[in-house]
Amino acid sequence: MDFLIESGSDVYKIGYALINSPADDFRPQLNVLEDCGCQKIYQDIAVSFKSERPGLSDLIMELSNNKHVEIYCESFFSIFKTVDTFLPLADLVIEKEAKVILLTEGITVSIESINMISVWYDLMNFKVNHRARRRAKPNKKIKKNGT
């Protein structure tokens with residue numbers, strides 16, 4: 001069931017749950033997200049930092065098709081774990097006038113917190129650029145005894 005929210009309509013609430021192992025349990029997060037009134041909840045299992053996150057990709061698509069969306073998730077790192085997810089989400093939060101509610105931290109990321117988004121955006125870009133520079137430099141071997 002798709003929800004297309006028109007301007008002036010109620011807010012569309014979606015949730016995002018992330019666990020780090022198939023042995024972990026989604027239920028505690030799902031209960032909290034359901035209690036927040038989420039109409040749709042996306043889920044991912046990310047066993048490593050670089051794990052594919054199809055649920056988050058679907059959430060981003062959902063956000064790009066709607067306005068006045070509130071996204072509820074457990075914490076900052078569950079949704080903004082990598083630069084690849086932060087940058088498109090930050091752009092969409094601003095463009096679509098969305099809100100990301102980080103439940104553990106008690107923080108709402110929205111157009112009203114544009115300064116916070118800008119700082120995070122700059123930090124993420126710095127991280128990407130710094131990583132690229134670090135990878136471009138050849139490793140220098142240090143000889144013992146200065147020789």
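This is a predicted model: local features need pLDDT of at least 70, side-chain atom pairs count only at pLDDT 80 or more; totals for chains, interfaces and linings use all residues.
Local features are reported only at pLDDT of at least 70 and side-chain atom pairs only at pLDDT 80 or more, while totals for chains, interfaces and linings use all residues. Residues are numbered from 1 along each chain as its sequence is written, and side-chain values use heavy atoms, without hydrogens and water.

The protein chain contains five helices and five strands; helices (H or I, at least four residues) and strands (E, at least two) are DSSP runs, numbered from the N terminus. From that terminus on, the order of elements is β-α-β-α-β-α-α-β-β-α. Of the 147 residues, 37% count as buried, where buried means under 20% relative accessible area, exposed over 50% and partly exposed in between (1.4 Å probe, protein chains only). The accessible surface of the chain comes to about 9,300 Å², and carbon and sulfur atoms hold 53% of that surface. Such areas come from the Shrake-Rupley method with a 1.4 Å probe, and for residues only the protein chains shown count as cover. Among contacts (heavy atoms within 4.5 Å) in the chain with a separation of 6 or more, 65% join residues 24 or more positions apart.

The five strands make an open sheet of mixed pairing, in the order E2-E1-E3-E4-E5. Two strands pair if DSSP finds at least two bridges between them. Strand E2 (40-45) and strand E5 (107-110) are the edges, each pairing on one side only. From one strand to the next the twist averages 20°; axes are lines fitted to C-alpha atoms, for helices over the stretch in contact, and angles run from 0 to 180 degrees between N-to-C directions.

E3 is parallel to E1, with five bridges, and parallel to E4, with four. On the E4 side, Glu 70 is bridged to Lys 99. Five of the five residues of E3 are buried. Val 69, Ile 71 and Cys 73 lie on one face of E3, Glu 70 and Tyr 72 on the other, and both faces are covered.

H2 lies across E1, E2 and E3 and runs at about 150° to E2.

A nonpolar core is a set of buried Ala, Val, Leu, Ile, Met, Phe, Trp, Tyr and Cys residues joined through side-chain atoms within 4.5 Å. The largest one has 29 residues, and Tyr 16, Leu 59, Ile 71, Ile 79, Leu 89 and Val 100 touch the most other members. Elements giving two or more residues include strand E1 (12-19), helix H2 (54-64) and helix H5 (114-136). The largest share, six residues, comes from H4. Leaving out residues up to four places away in sequence, Leu 89 touches Leu 56, Leu 59, Ile 60, Leu 63, Ile 71, Ile 79 and Phe 80. Another core lies apart from it, with eight residues, among them Ile 19, Leu 30, Cys 38 and Tyr 72.

Two loop residues remain. Most residues other than glycine have a negative phi. His 68, in the loop between H2 and E3, has a positive phi near 60°. Glu 97, in the loop between H4 and E4, has a positive phi near 55°. Glu 97 is partly exposed, at a relative accessible area of 41%.
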